[in-house]
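This report concerns a ligand site and a helix packing. Please consult the sequence and the structure below before reading on.

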Amino acid sequence: MAHALLNELAERDGLTGLFNRRTLNTHLERVWRQANRDKRDLVAIAMIDIDHFKRYNDRYGHVPGDAALKAVADVVERQARRPLDLAARYGGEEFAAVWYNPAPEELENMGAQITAAVTALSIAHLDNPGGKLSVSVGIALMRPSAGQSGPELLHAADTALYQAKNQGRNRVVLFRFTGADALLAPKRPPGAPEAG
Ligand SMILES: Nc1nc2c(ncn2[C@@H]2O[C@H](COP(=O)(O)OP(=O)(O)OP(=O)(O)O)[C@@H](O)[C@H]2O)c(=O)[nH]1
């Protein structure tokens, strides 16, 4: 019993109860191998970061800051519900979700459900445009193969998150691999006719 409790504590983040970064990395390695065996299964990662959280702490204090982190953690957890999915606190105000074999065309929507659910919490954040707590989301998708690794996927999701921050925050950006790695159809430029 005590052993199980210690294991549980080592795997989880004390504040939010989500899995910690170390557990995420181990899980990613495991599902990566699984998907590689199955040859066609995909793995996606979403990185989720609270917008202007430093300003939030500065204005409202660390106790409300911690409560906001827990509320966002619950949102992320609800969005990673399948048996091989996993939600983690990745760092201070950064969360990550592993999505095993998601439908590529659903990814943007899955990310948008996270941004919408955080906005719907209606946590006042007067130093954030819009006046409410919001998050930015970066998502990347890969079909694991021998030549690629989970950390590459994480890095791509992080790059997409960086773009989401730069483009104004409170939004979802999908990392778009090119060439043979492209699993997501490139977005049509505005006004372009539909393919087919
Ligand atoms: N209350 C609380 N704050 C934390 C915790 N961990 C990290 N933070 C705070 O999160 C803030 C992160 O700030 P930055 O990395 O500058 O990012 P940001 O202000 O969210 O800005 P953008 O990400 O660019 O939108 C810092 O002020 C940290 O102190 C925690 O466990 N509790």
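The model is predicted: local features need pLDDT of at least 70, side-chain atom pairs count only at pLDDT 80 or more, and totals for chains, interfaces and linings use all residues. Residues are numbered from 1 along each chain as its sequence is written, and side-chain values use heavy atoms, with hydrogens and water left out.

Over residues 41–177 the chain is 41% helix and 22% strand, and the end C-alpha atoms are 17 Å apart. Helices (H or I, at least four residues) and strands (E, at least two) are DSSP runs, numbered from the N terminus.

**The ligand site**

Around the ligand there are 16 residues, each with a heavy atom within 4 Å of the ligand. Those that come nearest are H52, F53, D66, R89 and R169. By class, the shell holds three nonpolar, five polar (Gly among them in this scheme) and eight charged residues. The table gives polar contacts, that is, pairs of N or O atoms within 3.5 Å.

| Residue | Protein atom | Distance to a ligand oxygen atom |
|---|---|---|
| D49 | side-chain N or O | 3.1 Å |
| F53 | backbone N or O | 2.7 Å |
| E93 | side-chain N or O | 3.0 Å |

On its own the ligand has 660 Å² of accessible area (Shrake-Rupley method, 1.4 Å probe), of which the protein covers 66%. Two or more residues of the shell come from each of β1 (43–50), α3 (53–60) and α4 (62–78). The most, four residues, are given by α4.

**The packing of α2 with α6**

Two packed helices are described by the angle between their axes and the distance between the axes. Helix α2 (residues 21–38) packs with helix α6 (residues 150–166) at an angle of about 115 degrees, the axes being 9 Å apart. Axes are lines fitted to C-alpha atoms over the stretch in contact, and angles run from 0 to 180 degrees between N-to-C directions. L24, N25, L28 and W32 of α2 make the contact with G150, L153 and L154 of α6, contact meaning heavy atoms within 4.5 Å. These residues divide into five nonpolar, two polar and no charged.

Terms used:
A polar contact is a pair of N or O atoms within 3.5 Å; within protein, one must be able to donate a hydrogen and the other to accept it, and residues adjacent in sequence count only if both atoms are side-chain atoms.
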